[in-house]
Amino acid sequence: MAYVITQACCNDASCVDVCPVNCIHPTPDEPEFATTEMLYIDPQTCIDCGACVDECPVDAIFGENELSEAHSMYPEINAAYFDKHPIGPDWPELPEPRPLSPDLGTLRVAIVGSGPAACYAAIELTSRPRVEVDMFDRLPTPYGLVRAGVAPDHPGTKAVSDVFRSALSKRSVQCHFNVEVGRHISHDELLQHHHAVIYAVGAASDRHLGVPGEDLPGSHAATEFVAWYNGHPDYADHTFDLSGERAVIIGNGNVALDVARVLVTDPDELAKTDMADHAVEALRRSNIREVVIVGRRGPAQAAYTNPELIALGRMADVDIVVDPDEVILDAASRAWVDGPDSEPSEKLKVRQVEEFAKRTATDGRKRIVLRYLASPQEILGGDRVEGIRLVRNELVADDAGALTARPTDRTETLETGLVLRSIGYKGLPIADVPFDERRGVVPNENGRVIDPETGSPVPGVYVAGWIKRGPTGVIGTNKYCSTATVDLLLSDFAGGGLVQPDHDGEQLAQLVAERQPEAIDFQGWQRIDKKERVLGSESGRARAKIVDLRAMLDAARGEAS
């Protein structure tokens, strides 16, 4: 019996480190790791030891004979990866942890942000002696998109927060939540109190379509909708018009699929999750019956991952609709998909969509319609969104053989009152830190921030996560992104490249208390967490999120609200 990795895989790769026979790939030192949808276990090499099961932070690994019907495709998916990428004979050389000489004294590092990249950086730093970390977040609660981005109906993915909690609870880590860098404390002040600063602030903005009508009421970023239903305090008072029967989502990544699922899932099922109460109530009143997901390229190039697509097809009482004509690949696309250079994941995407196209819709059911080879041309309406005009695309191979979408002269119009753009996140500038406006990242070399005018590293300033590499990868991708940054930071410290801070941790605590009396430490967050779990238990769910800032602060102080 081989073990199998399934949908919940977060690419954390903790399983890779404990596998005694090197059967889990791609490993972080392999080029495929940067773009892989998930990790895979080679059934021919696996010795059924189960070490990976105990190590997986999101419970994504099962014995083959333990798989549910929903996961029945995953043995084939795991095995197919190794048909394309067979395991080589050499064992990968893992880098030894960089030792720090006691003569260097205590290293003090500030981490701005508390999402996956920030938490993984803290884990890596505090695995060594004589390292102290101060973590800052402008919100009262940690974990970034694990709390405010992961879909409520994916509780397994959120289990990775248990790993992060183990880092934040260490004595060598001090948490300063509800403290905004650039407002309560400056970049220069962080450097005065630390040898180095790691910015792991993610990508808080979104990309725009750039079409007429995009700013009409009823046109929103999907990221706003996600933050709203996940209880992000900045979006708790937002409203979305759910009075029409159709919603249109532009973009077909995993976020688009999450939003579509939420819009058509039975609200009674959503009420069992940690979705914000205001969102559940709004969805109870929703008239949405159909969600159209529009992708500009074909099924093989879709941005979503296969695990999310497979889960979409297994939704209860919801039809997944695909026009058979949109699945018929042109000669160039078919040659690519069937050729030796395509990835198993691309072949599976096409196969799944072809299967959807054969299904017959059931009268009266809600539906998710997957559209391909179409792009928005204009969002229509007077005082608000009334429809969207799409232009049909065709795939064209460039000189290198890559397929790109080119618009044709064919258009169509869909009536809708709600358009959500889901075409990617984008980073925002950080005060007093270089920024690349075009890419939406801080310019850097492997995590060292670079001054674009001189091309030289900015002493003591580093980045990790999406603000370093752009919004790519999944939760676990940040582990090795952050590890690479920390390794450079430690190298700079050991080589004498970091400036000794002028002030110590006690002086920092005094400064934060003066500037932000309502700062929340780890114990304060634990009180918020406990309160949410108690509120959740009263209604039979894991937690009920507190979304009001004042109520969060009261909970952090242990006060009744």
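Q: Are Arg421 and Asp206 buried or exposed?

A: This is a predicted model. In it, both Arg421 and Asp206 are buried.

Q: What links Arg421 with Asp206?

A: Start with the general idea. Side chains of opposite charge can pair when their charged atoms come close. Now the case here. Arg421 forms a salt bridge with Asp206. Their closest N and O atoms are 2.7 Å apart.

Q: Where do Arg421 and Asp206 lie, and what does the pair tie together?

A: Arg421 belongs to strand β18 (residues 418–421). Asp206 belongs to strand β9 (residues 205–206). The pair therefore ties together parts that are 215 residues apart in sequence.

Q: How many salt bridges are there by this rule?

A: The count comes to 39 salt bridges.

Q: Which residue forms a salt bridge with Glu37?

A: The partner is Lys349. The closest N and O atoms of Glu37 and Lys349 are 3.8 Å apart. The cut-off for a salt bridge is 4 Å, so this pair counts.

Q: Which parts does the pair of Glu37 and Lys349 tie together?

A: Glu37 sits in the loop between β2 (24–25) and β3 (40–41). Lys349 sits in helix α16 (residues 344–358).

Q: Why does Glu37 count as buried?

A: Buried means under 20% relative accessible area. Glu37 has 14%, so Glu37 is buried. Lys349 has 8%, so Lys349 is buried too.

Q: What about Arg359: which residue is its salt-bridge partner?

A: Arg359 pairs with Glu355. Their closest N and O atoms are 3.2 Å apart. Here the accessibility tells another story. Arg359 counts as partly exposed, because its relative accessibility is 37%. Glu355 is partly exposed at 35%.

Q: Which residues do salt bridges with shared partners join into one network?

A: The network holds Arg147, Asp529, Glu532, Arg533 and Arg543.

Q: Where is Arg147, and what does its side chain touch?

A: Arg147 is placed in helix α5 (residues 145–148). Its side chain makes a polar contact with the side chain of Glu532, at 2.7 Å.

Q: Why does Arg147 count as buried?

A: The relative accessibility of Arg147 is 11%, so Arg147 counts as buried.

Q: Which residues is Arg147 in contact with, leaving aside its neighbours within four places in sequence?

A: Among them are Thr141, Pro142, Lys158 and Asn230. Trp525, Glu532 and Arg543 are also in contact with Arg147.

Notes. Residues numbered from 1 in each chain as written. Predicted model: local features only at pLDDT ≥ 70, side-chain atom pairs only at ≥ 80, totals over all residues. Heavy atoms only, no water. Helix = DSSP H or I, 4+ residues; strand = E, 2+ residues; numbered from the N terminus. Buried < 20%, exposed > 50% of the residue type's maximum accessible area, 1.4 Å probe, protein only. Polar contact = N/O pair within 3.5 Å; in protein donor to acceptor, adjacent residues only side chain to side chain. Contact = heavy atoms within 4.5 Å. Salt bridge = Lys/Arg side-chain N within 4 Å of Asp/Glu carboxyl O.
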